[in-house]
Amino acid sequence: MIDHASEIAAFVRVVEAKGFSAAAPALGLSPSAVSKLVTRLEARLGVRLLQRTTRALSLTGEGEAFYAAARRIVGEMEALEAEISDQRSTPHGLL
């Protein structure tokens with residue numbers, strides 16, 4: 001099963017880190033694995049999100065629009081995970 005959330009999170013991290021190699025440690029992946037996630041996302045969407053050169057990455061027009069929404073979604077997912085973790089560590093019920 002393809003994990004679309006991982007593809008989107010990888011794309012957001014690549015944009016924020018300004019490169020695959022810089023994003024890889026934060027994702028716990030190799031740079032080539034990060035690149036494959038973003039390439040798979042682009043193939044699924046049918047558009048190029050990043051313009052790649054040997055020295056830099058830049059967002060395409062579609063990439064800019066997708067990044068704005070993806071960043072918000074990834075932020076909401078991280079906030080939800082933190083909220084759930086906090087609830088689990090807080091005692092509940094009768095003491």
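Colleague: What makes Val 38 and Arg 52 a contact?

Modeller: Contact here means heavy atoms within 4.5 Å. Setting aside residues up to four places away in sequence, Val 38 touches Ala 10, Phe 11, Val 14, Phe 20, Leu 50 and Arg 52. Keep in mind that the model is predicted: local features need pLDDT of at least 70, side-chain atom pairs count only at pLDDT 80 or more, and totals for chains, interfaces and linings use all residues. Residues are numbered from 1 along each chain as its sequence is written, and side-chain values use heavy atoms, with hydrogens and water left out.

Colleague: Which residues have the most contacts inside the largest nonpolar core?

Modeller: Phe 11, Val 12, Val 14, Phe 20, Val 34, Val 38 and Leu 50, in a core of 18 residues. Such a core is a set of buried Ala, Val, Leu, Ile, Met, Phe, Trp, Tyr and Cys residues joined through side-chain atoms within 4.5 Å. Helix α1 gives the most to this core, with 6 residues. (Helices are DSSP runs of H or I, at least four residues, numbered from the N terminus.)

Colleague: Why is Phe 11 called buried?

Modeller: Buried means under 20% relative accessible area, exposed over 50%, and partly exposed in between, with a 1.4 Å probe and protein chains only. Phe 11 is at 0%, so it counts as buried. Phe 66, at 22%, is partly exposed.

Colleague: Why is the pair of Phe 11 and Tyr 67 edge-to-face?

Modeller: Rings of Phe, Tyr and Trp (its six-membered ring) pair if their centres lie within 6.5 Å; planes under 30 degrees apart are stacked, over 60 edge-to-face, and the rest tilted. For Phe 11 and Tyr 67 the centres are 6.4 Å apart and the planes at 70 degrees, so the pair is edge-to-face. Phe 11, Phe 66 and Tyr 67 form one aromatic cluster.

Colleague: How do you know that Glu 42 is buried?

Modeller: Its relative accessibility is 7%, so Glu 42 counts as buried. Glu 42 lies in helix α3, residues 31-45.

Colleague: What makes a polar contact between the side chains of Glu 42 and Arg 52?

Modeller: The definition asks for a pair of N or O atoms within 3.5 Å; within protein, one must be able to donate a hydrogen and the other to accept it, and residues adjacent in sequence count only if both atoms are side-chain atoms. The side chains of Glu 42 and Arg 52 make such a contact at 2.9 Å.

Conventions
Helix = DSSP H or I, 4+ residues; strand = E, 2+ residues; numbered from the N terminus.
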